[in-house]
Amino acid sequence: MHSLLIDHLSTAVVQLNSEMKIEYLNPSAEMFLHVSRRRIYGQDLSAAFTEDDESIRALKSAIVSGHPFTKREAKIILTDNRTVFCDYTVTPVMGSINTTESLIIELHARDRVKRISQEDDLIASHETSKELIRGLAHEIKNPLGGIRGAAQLISRAFKDEDLKDYTQVIIEESDRLRDLVDRLLGPRQLPQKKELNIHRVIERVKQLIEVESHGEIVIDRDYDPSIPEMIGDESQLIQALLNVVRNAMQALLSQESNDDRRITLITRTLRQFTIGAKRHRLVCKISIIDNGPGIPDHIMKTLFYPMVSGRADGTGLGLSIAQSSIHQHSGIIECKSRPLCTEFNILIPIETHSVEKEEH
């Protein structure tokens, strides 16, 4: 029961024995440290992460003294050489003869709190922009309907076909503006959710992009076959994913000097993961990574706003619509970018859909 409870904690927990060997990691620790507990059981702490010599001495001292301690903003290096910052608390567990049997290390990622705050801001800004667009759409579509109707009446009164051509231009441009407003509003229908395989969705997008790019872009895949069937609207997910991957394709094709245009599609599961203010037991993470020029810094903060685009011929609607579709699946799209590496992460909770399926 104790193990089961710890396995469901969002806090990363590592247990060491008195010889500083790894005895246990919970799933949150596996996710945070990017290791598999089955592979590192019985190994030194360095099999999970490394820290400076002074910190290692502090751990050994805790075993001898039995005194707990907390370290703030610790810098640890993971096995893939990535550096992360965290707070951690070390608690000695005493045995029957008043000696330390093991150490419990609780790790709290510093960047996790920052990421959750950024997600809250992103969700709030997206909801605000949606409300503004709804109000704007109402103000635009009403007079557009009047203009279109008046143009149709005038057209009927004209006998000269050349004059009718002018009224037809008014009608067509009114329709174009109406369609633009509808696109700004995003998906108009509620998701038609059913069981689907997320890799089938990704493969469909991959095929479409290969056709559009005429083979000029290499698409690599790194899938996690353990991701279970999930509940969602397949057509909406295809469109959302297509908008993101197409964005990467267009950025790559704009680089004439790049001879190795490449997009990588990766799927993983995340356990006990927080999206916005809600923690989910299981989340599907889809990563779209390209080696293009990167996204300009001045666009990053407004990247998912409607009508924001880094291309002269771009409408700025693709990412906004994609974000709306993923929000309807209780998920979110995140982005980080630097030259030669732009990464979009689509995060969709899996267990939420499973509950909805049971209710329906």
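The axes of helix α7 (residues 198-212) and helix α8 (residues 234-253) come within 9 Å and cross at roughly 40°. Axes here are lines fitted to C-alpha atoms, for helices over the stretch in contact, and angles run from 0 to 180 degrees between N-to-C directions. α7 and α8 are therefore oblique to each other; angles under 35 degrees count as roughly parallel, over 145 as roughly antiparallel, 65 to 115 as roughly perpendicular and the rest as oblique.

On the α7 side, the residues in contact (heavy atoms within 4.5 Å) are Ile198, Arg200, Val201, Ile202, Arg204, Val205, Leu208, Ile209 and Glu212. Among their partners in α8 are Leu237, Ile238, Leu241 and Met249. By class, this contact has 12 nonpolar, no polar and 5 charged residues. Ala, Val, Leu, Ile, Met, Phe, Trp, Tyr, Cys and Pro count as nonpolar, Asp, Glu, Lys and Arg as charged, and the others, Gly among them, as polar.

The model is predicted: local features need pLDDT of at least 70 and side-chain atom pairs pLDDT 80 or more, while totals for chains, interfaces and linings use all residues. Residues are numbered from 1 along each chain as its sequence is written, and side-chain values use heavy atoms, with hydrogens and water left out.

α8 also packs against helix α10 (residues 318-327), at an angle of about 145° and with the axes 9 Å apart. This crossing is left-handed. Gln236, Leu237, Ala240, Asn243, Val244 and Asn247 of α8 meet Gly318, Leu319, Ile321, Ala322, Ser325 and Ile326 of α10. These residues divide into 7 nonpolar, 5 polar and no charged.

Lys193 lies in the loop between α6 (161-185) and β7 (194-196). Lys193 is partly exposed, with a relative accessible area of 28%; buried means under 20%, exposed over 50% and partly exposed in between, with a 1.4 Å probe and protein chains only. Its C-alpha atom is separated by 9.1 Å from that of His329, 136 residues apart along the chain.

The chain as a whole has 11 helices and 13 strands, which are DSSP runs numbered from the N terminus (helices H or I, at least four residues; strands E, at least two). Of its 360 residues, 42% are buried. Among contacts with a separation of 6 or more, 62% join residues 24 or more positions apart.

Methods
Left-handed = near helix turned anticlockwise from the far one by under 90°.
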